[in-house]
Amino acid sequence: MSTAFPGLLPALAAHKCNMVISGIFITPDRTAKFPAAPYMRSHRALIVQGGNPKHISGPNDLAGKNVAVQTGTKYEQYLKDLNDQFKAAGKPQMNLSSYPGDTDAIAQLLIGRADAVLTQDTEGAYQKTQHPGKLAIAYLFPETDTFGIYYRKSDAKLGTALRSAIKTLKKNGTLKRIAAKYQIPAGDVK
């Protein structure tokens with residue numbers, strides 16, 4: 001089933017799916033409603049055009065730039081808060097545009113309508129393989145978030161099975177091999 005990001009957990013609640021696996025972070029507000037099985041850490045990343053023509057090397061370089069992001073994500077809120085900080089500091093605000101998916105945001109970068117996209121390193125790595133030489137990761141945030149597979153509280157057996165399967169994939173090296181293939185730090189899948 002394909003659902004827009006903001007509708008994922010409501011779809012789980014409505015029994016339209018049994019679990020949500022979509023690069024969705026484990027957060028206290030989400031786990032208050034649904035348990036989650038953690039499977040990897042991820043870093044926020046600023047994605048730019050290959051060669052980094054706008055010379056973006058960190059969040060402060062987004063002042064006055066066109067920035068794209070996926071709607072309904074914690075990245076969108078981070079950028080709104082950053083824009084408030086720019087305004088308070090008398091810096092030019094970024095022109096922030098939100099899109100239904102990361103692919104849509106990356107498309108804006110590829111055609112030159114956006115100077116940067118804020119997403120996670122996993123999405124950046126994937127998009128780099130889809131558009132060789134056209135994209136780069138300009139900045140990797142040091143903080144990490146943890147991806148989780150969400151399920152309903154009433155499906156405790158499913159949660160136990162998910163945790164067991166993830167433990168096996170880590171132990172047998174499968175997650176490390178996937179991380180290496182997509183240039184994701186191996187430490188993020190421990």
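## Burial and aromatic pairs in a predicted chain

Of the 190 residues in the chain, 42% are buried (under 20% relative accessible area, with exposed meaning over 50% and partly exposed in between; 1.4 Å probe, protein chains only). This is a predicted model, in which local features need pLDDT of at least 70 and side-chain atom pairs count only at pLDDT 80 or more, while totals for chains, interfaces and linings use all residues. Residues are numbered from 1 along each chain as its sequence is written, and side-chain values use heavy atoms, with hydrogens and water left out.

The chain contains 7 helices and 6 strands (DSSP runs, numbered from the N terminus: helices are H or I of at least four residues, strands E of at least two).

The count of aromatic pairs is 5 (rings of Phe, Tyr and Trp, the last by its six-membered ring, with centres within 6.5 Å; planes under 30 degrees apart are stacked, over 60 edge-to-face and the rest tilted). The rings of Phe-25 and Phe-147 are stacked, because their centres lie 5.0 Å apart and their planes meet at 15°. This pair joins strand S1 (residues 19-25), which holds Phe-25, to strand S6 (residues 135-151), which holds Phe-147, across 122 residues. Ring pairs also link Phe-25, Tyr-39, Tyr-75 and Phe-147 into a cluster.

| Residue | Relative accessible area | Class |
|---|---|---|
| Phe-25 | 6% | buried |
| Phe-147 | 2% | buried |
| Tyr-78 | 23% | partly exposed |
| Phe-141 | 5% | buried |

Tyr-78 and Phe-141 form an edge-to-face pair, with ring centres 5.7 Å apart and planes at 90°. Tyr-78 belongs to helix H3 (residues 74-88) and Phe-141 to strand S6, 63 residues apart.
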